[in-house]
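Trainee: I would like to learn how to read the features of a model. Please take me through one.

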Number of protein chains: 2
Amino acid sequence: MTIVGNPMGQSTPELEDAIHEKIRAAGLRLTMPRRAICAVLAVNDEGFLTTQEILGRIGEQGVPIDPSTAYRTLDDLAKIGLIHLVHLGSSPGRWHLTVEHDHQHLVCEICGKTTLVPTAEIQPMFDQLRERYGFQTRHHHFAIMGHCETCSESEEHDHA
Amino acid sequence: MTIVGNPMGQSTPELEDAIHEKIRAAGLRLTMPRRAICAVLAVNDEGFLTTQEILGRIGEQGVPIDPSTAYRTLDDLAKIGLIHLVHLGSSPGRWHLTVEHDHQHLVCEICGKTTLVPTAEIQPMFDQLRERYGFQTRHHHFAIMGHCETCSESEEHDHA
DNA sequence: CTCGCTGTTGCAAGAAGTTGCAACAAGAAT
DNA sequence: ATTCTTGTTGCAACTTCTTGCAACAGCGAG
């Protein structure tokens with residue numbers, strides 16, 4: 001899967017400002033490591049990065065930060081809802097800016113293929129969960145695991 | 001959350017036999033470490049165990065196995081669909097026997113509370129994904145993250 | 001029952017992720 | 001602009017997870 005976000009590979013100042021504002025609003029201090037992490041995430045506002053990848057990019061383009069700081073900071077940002085962790089299959093989780101995206105992901109466990117589905121198609125289920133259980137589904141960007149069409153078909157052949 | 005499976009804390013021979021059969025059917029060898037792991041999972045056929053917990057239980061009740069073996073074996077068992085990994089929030093994933101359970105999980109990101117929802121309520125969505133995308137949702141036991149009723153309400157108060 | 005092929009295991013080394021703590025700096029108060 | 005408070009950081013030690021590899025043991029063939 002390749003999910004490319006910002007085609008220019010550059011962060012928009014507006015997005016970064018909005019992020020900084022959220023950090024302050026949550027009562028957190030705006031430090032250098034946090035700026036660096038947010039900058040990387042802002043450039044990839046549609047992407048999914050592992051902690052290692054984030055560390056790598058920060059190292060490439062300036063003053064590296066300590067891994068432990070990255071792990072802790074990412075947890076903190078997740079706690080205030082700015083980002084969240086997505087587990088696409090097993091393998092290390094990937095961080096992602098929390099934005100109300102208009103699509104969800106169907107991830108094939110066999111070939112890894114990712115299919116995008118308009119959130120509208122799933123919204124009814126979210127609404128239902130809210131009505132019946134008072135449950136607010138969050139970061140509507142979660143992965144549904146299963147087998148894609150192609151892999152489902154080859155499976156049937158195998159069983160034949 | 002406390003999910004207790006087999007009330008006797010004992011594995012049923014039938015379940016273990018069925019598991020062994022699946023392992024053989026997949027072309028994998030039935031070795032001692034694999035038996036041990038399956039035994040632990042079979043006792044907790046409704047439970048969710050981390051790799052560490054599995055290692056711990058095996059160590060308690062007999063010959064311990066090497067951690068690396070456990071990690072690899074669990075991956076292998078997941079590959080053949082016998083078990084799967086569930087990420088309830090962040091924190092290490094938990095392994096779980098793949099059975100067609102009749103419920104799903106709504107996990108609150110704030111208080112950790114888990115609500116069970118009959119699969120029947122979500123089945124329509126799965127059916128729809130299959131019709132439109134040919135996507136077969138697997139191990140119908142996945143976690144939907146969000147905020148539970150109680151936490152949603154306190155959030156509103158905070159904003160007031 | 002024994003042999004042989006090859007999937008598995010345990011070990012060891014390394015990478016990734018966590019935790020405690022003293023030094024540091026963001027930002028409010030003055 | 002300076003000081004003070006306290007949330008954060010970087011370091012170091014540790015735990016957890018991964019990977020390469022030689023020795024081992026399922027299990028099918030003979």
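Mentor: Two copies of a chain are related by a rotation about an axis and a shift along it. Here chain A can be laid on chain B with an RMSD of 0.1 Å by a turn of 180° and a shift of 0.1 Å along the axis, with copies superposed by least squares on the C-alpha atoms of residues with pLDDT of at least 70 in both. That is the relation of a two-fold axis. The same surface serves both copies, as 100% of the contact residues of chain A recur in chain B (contact means heavy atoms within 4.5 Å).

Mentor: This is a predicted model, in which local features need pLDDT of at least 70, side-chain atom pairs count only at pLDDT 80 or more, and totals for chains, interfaces and linings use all residues. Residues are numbered from 1 along each chain as its sequence is written, chains are lettered from A and ligands numbered from 1 in the order in which they are written, and side-chain values use heavy atoms, with hydrogens and water left out.

Trainee: In which helix is A:Arg34 placed?

Mentor: Helices are DSSP runs of H or I with at least four residues, numbered from the N terminus. A:Arg34 lies in helix H2 (residues 32-43) of chain A.

Trainee: Does A:Arg34 count as buried or exposed?

Mentor: Buried means under 20% relative accessible area, exposed over 50%, partly exposed in between (1.4 Å probe, protein chains only). A:Arg34 counts as buried because its relative accessibility is 14%.

Trainee: Which residues does A:Arg34 touch?

Mentor: Not counting residues up to four places away in sequence, A:Arg34 touches A:Leu28, A:Arg29, A:Thr73 and A:Asp76.

How values were computed: Helices (H or I, at least four residues) and strands (E, at least two) are DSSP runs, numbered from the N terminus.
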